[in-house]
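Welcome! Let us walk through this structure together, one question at a time.

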Amino acid sequence: LLIRVPQSGDGPALNDAIQETFENLHLWLPWAKERPSVQSSEEESRKAYSAFIKREDITYHLIHKQSGLILGYGSLHPRHWNIPRFETGYWCRKRFERQGYMTEAVTAILSFGFNFFKAKRIQMHCDSKNERSIRLADRVGMIREGELRNFSIGADGTLRNIVCFAMTDEDWHNRQSSVT
């Protein structure tokens with residue numbers, strides 16, 4: 001797995017990954033209401049690069065080393081630089097699901113947040129019905145802090161609950177100490 005900042009020219013590859021995975025993305029991610037065009041995927045890649053440079057948002061393309069394909073996306077969205085506090089998000093291309101790539105990616109993103117940005121807290125929210133994201137949060141050591149009831153509207157138009165997970169810098173460093 002190679003994790004890198006989106007770049008100009010990534011649009012076609014990103015769009016291919018989104019198209020392959022759209023039915024899954026549509027279930028859980030608010031931005032996946034309509035299938036994007038290649039041009040809009042290119043624009044998003046360029047915006048993501050610009051936002052990274054300005055430290056407005058930190059997003060990554062996850063690249064499969066052997067094939068060079070974009071296998072997913074990961075992020076650290078700054079929520080409060082003075083603390084500093086972030087929210088993480090991710091998705092995995094359909095053909096690479098259930099192979100450990102997202103566990104590897106989210107662990108690396110957490111490491112980057114805590115070790116480079118000196119984060120004090122990184123949080124994650126997901127739909128309470130998104131069992132795979134809940135299991136991933138557990139695998140990487142995030143702590144379930146609660147559930148917000150009737151917090152969002154799902155792709156099917158129903159009210160949904162959101163599960164909140166977080167990890168503090170102390171949690172991260174304690175986890176790293178116990179792994180080594």
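Predicted model: local features only at pLDDT ≥ 70, side-chain atom pairs only at ≥ 80, totals over all residues.

Q: Is K118 buried or exposed?
A: To be called exposed, a residue needs a relative accessible area over 50%. K118 has 53%, so K118 is exposed.

Q: Which backbone oxygen does the side chain of K118 reach?
A: Leaving aside neighbours within four places in sequence, K118 is in contact with P84 and G113. Its C-alpha atom is also 7.8 Å from that of D169, 51 residues apart along the chain. The side chain itself, at a distance of 2.8 Å, reaches the backbone oxygen of N115.

Q: What is the volume of the largest pocket?
A: Its lining takes in 49 residues, and W28, L29, Y90, N130 and S133 lie nearest the centre. Among the elements that each supply at least two lining residues are α1 (11–28), β4 (85–92) and α4 (131–139). The volume is about 1300 Å³.

Q: How many residues in the lining of the largest pocket are charged?
A: Sorting the lining by class gives 23 nonpolar and 15 polar residues. The remaining class is the charged one, and its count is eleven.

Q: Which element gives the most to the lining of the second largest pocket?
A: This pocket has a volume of about 350 Å³. Of its 17 lining residues, L14, W31, E44, S45 and Y73 are the closest to its centre. At least two lining residues each come from α1, α2 (38–53) and β2 (58–63). With seven residues, the element that gives the most is α2.

Q: How many disulfides does a search of the whole structure find?
A: A disulfide is a covalent bond between the sulfur atoms of two cysteines. For C92, the closest cysteine sulfur is in C126, and 16 Å is too far for a bond. The sulfur of C126 has its closest cysteine sulfur in C164, at 8.8 Å, which is again too far for a bond. Across the whole structure, the number found is zero.

Q: Is C126 buried or exposed?
A: Under 20% relative accessible area, a residue counts as buried. C126 has a value of 6%, so C126 is buried.

Q: Which residue's side chain is joined to that of R160 by a polar contact of 3.2 Å?
A: R160 is found in strand β7, and at 8% relative accessibility it counts as buried. Not counting residues up to four places away in sequence, R160 touches several others, including W28, D127, L148 and F151. The polar contact of 3.2 Å joins the side chain of R160 to that of D156.

Q: What is the length of the polar contact that joins the side chains of H61 and D10?
A: H61 has its place in strand β2. Its relative accessibility is 2%, so H61 counts as buried. Leaving aside neighbours within four places in sequence, H61 is in contact with residues that include L2, D10, L14 and S45. The polar contact between the side chains of H61 and D10 is 3.0 Å.

How values were computed. Residues numbered from 1 in each chain as written. Heavy atoms only, no water. Buried < 20%, exposed > 50% of the residue type's maximum accessible area, 1.4 Å probe, protein only. Contact = heavy atoms within 4.5 Å. Polar contact = N/O pair within 3.5 Å; in protein donor to acceptor, adjacent residues only side chain to side chain. 1 Å grid on protein atoms, 1.4 Å probe; cavity = no way out; pocket = protein on both sides within 12 Å on 5 of 7 lines; lining within 4 Å. Points joined across faces, edges and corners; volume = space filled by probe spheres on them. Helix = DSSP H or I, 4+ residues; strand = E, 2+ residues; numbered from the N terminus. Nonpolar A, V, L, I, M, F, W, Y, C, P; charged D, E, K, R; others polar. Disulfide = S-S within 2.5 Å.
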